[in-house]
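Thanks for coming. I will talk about charged side chains and who they pair with. Here is the model.

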Amino acid sequence: PSVAMAGAGGPCAPLPLVPLALALVLLSPWERVGGSCPPPCVCASNILSCSQAALSSVPSPLPRFAAVLDLSHNNVSRLRADWAPGRLAHLHALLLSHNGLSFVSTEAFAHVPHLRHLDLSSNRLRVLEENLFSDLTELEVLLLYNNEISTVDRTAFDNLSRLRKLYLGQNRIARFPLELLRDGSRLPQLALLDLSANRLRSVPVGELQALPAWLRDRLYLHSNPLACDCPLFQLVARGRRRRLSAVMDFQEELRCSLPTAPASVSILGLAGRQPLNCSEAREAVLEAHLGDTVTLSCDTRLRGVRSRHWVTPGGERVLEEGGNGSAALLANGSLQLRALRPEDGGIYACWVAGPLLNETLYVELLVHNFTLHGPHDTLNTAYTTLVGCILSVVLVLIYLYLTPCRCCCCRGAEKPPAPRDDSINSSVLSATPNHAAGVPGEPCQSRSASANGQGQNGRFKVGGTPQPPPRHGHKAQRKVSDPDSVSSVFSDTPIVV
């Protein structure tokens with residue numbers, strides 16, 4: 001069926017009538033894909049914004065194609081297992097901050113396996129239960145700051161192999177969760193750990209030094225009631241020397257408590273201060289290859305050393321002479337490492353105790369993953385071959401473009417130019433002078449300038465070019481190409497040598 005519409009100038013052409021059902025499908029993509037936009041939410045494409053909607057529970061039903069769900073600033077105090085009755089395979093960001101959330105079911109994330117960003121900050125969570133986040137194998141960012149968390153189960157973060165950033169600041173954590181970091185297998189990609197503004201009184205400095213650099217340098221510990229000691233000072237001073245943001249941005253908040261001081265003091269202010277009188281640690285870098293034997297010296301400036309020991313990158317202490325395995329403590333306090341392996345690389349710490357002062361020296365050992373006479377020589381050979389090839393190319397280019405004009409007998413003599421003709425070599429755009437082959441058996445002779453040797457633009461040409469006999473037709477007006485004339489650099493004429 002069709003309808004006719006009348007206009008000011010007469011009836012219009014009949015238009016097809018779109019079926020009502022088709023119009024509804026086109027205007028309501030939510031219905032077409034499956035699911036509808038919940039009334040309290042604002043929906044745009046695959047984003048659902050239900051923020052500040054005074055919700056006490058998650059709205060239902062949720063569209064299956066939702067990718068971002070913002071439920072922040074509501075009153076959702078409990079997140080049960082059935083908050084998402086259907087599988088939300090496309091959801092990658094869930095925002096639940098500022099909800100007064102106090103309970104999260106261990107099965108709450110079973111229907112959102114592809115979640116990459118989870119924000120549970122600014123709630124009332126107190127305990128992170130066993131295997132709470134184990135279903136989120138693709139999670140990359142987890143925000144748990146500004147809660148009331150005091151207990152973290154050892155398995156709460158299991159299976160989070162892709163987690164890169166973990167924010168646990170502004171909670172009530174009193175014990176450093178070293179089990180998350182020690183072996184590197186639980187959270188292998190963790191690059192940032194925020195433990196600021198908690199209740200930590202001590203940190204395992206020796207084991208923190210053994211952490212990978214990308215995590216050790218992005219560990220936030222400010223605003224904790226830490227107890228002052230020299231290892232803590234050296235850890236923070238080392239971060240300041242390397243200008244790490246975790247230290248440079250929070251120098252005022254990095255404070256600790258002394259037994260004799262009524263108020264906390266700056267950790268960086270412990271240098272030379274009684275009763276600890278700490279000194280900054282010194283660092284050295286040593287490079288070696290697989291299978292080598294190296295000696296790490298503990299060249300302390302202290303006199304009357306009472307004791308010293310080394311701590312390996314794996315956290316193992318070497319206390320006695322002889323040691324065990326590949327590490328041995330020598331009589332002069334140096335550490336000898338034999339038959340180096342790739343895992344022997346890292347930062348070694350020498351702890352020295354003196355009568356009045358303690359000192360720590362760090363030696364970073366870089367173990368190259370090849371022997372000195374193995375693939376390294378092959379690498380040098382490859383570089384030598386490459387340099388040789390480059391030099392060969394340069395010499396060929398010099399020979400082609402910078403070789404002087406060659407003559408059969410004498411230097412500086414010109415050969416008579418070839419007769420001008422219509423061949424391809426007679427182009428006036430040629431940048432190369434025309435040379436005629438000499439008569440076999442005749443020696444080259446120098447030509448003097450003829451009286452009529454004035455060339456183009458009034459220039460005098462040595463060895464003037466003879467004019468060809470006149471010819472009839474249009475071609476008679478063409479002239480012989482002048483070697484000294486201005487030539488086009490865009491010539492297609494081949495170079496004749």
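Start with glutamate 343, which is exposed, because its relative accessibility is 54% and the cut-off for exposed is over 50%. This is a predicted model, so keep that in mind throughout.

Which side chain does glutamate 343 meet in a salt bridge? The partner is arginine 341, at 3.7 Å from N to O. Arginine 341 counts as partly exposed, with 39% relative accessibility.

Arginine 341 also meets the side chain of aspartate 344 in a salt bridge, and here the N to O distance is 3.1 Å. Is aspartate 344 buried or exposed? Aspartate 344 is buried, at a relative accessible area of 7%. Because these salt bridges share partners, Arg341, Glu343 and Asp344 are joined into one network.

Now to another pair. Glutamate 140 forms a salt bridge with arginine 164, and their closest N and O atoms are 3.6 Å apart. Where do the two residues sit? Glutamate 140 is in the loop between strand S12 (127-128) and strand S13 (141-143). Arginine 164 is in the loop between strand S14 (151-152) and strand S15 (165-167). The pair therefore ties together parts that are 24 residues apart in sequence.

As for accessibility, glutamate 140 is partly exposed at 24%, and arginine 164 is partly exposed at 33%.

How many salt bridges does a search of the whole structure find? The search finds four.

Methods: Residues are numbered from 1 along each chain as its sequence is written. This is a predicted model: local features need pLDDT of at least 70, side-chain atom pairs count only at pLDDT 80 or more; totals for chains, interfaces and linings use all residues. Side-chain values use heavy atoms; hydrogens and water are left out. Helices (H or I, at least four residues) and strands (E, at least two) are DSSP runs, numbered from the N terminus. Buried means under 20% relative accessible area, exposed over 50%, partly exposed in between (1.4 Å probe, protein chains only).
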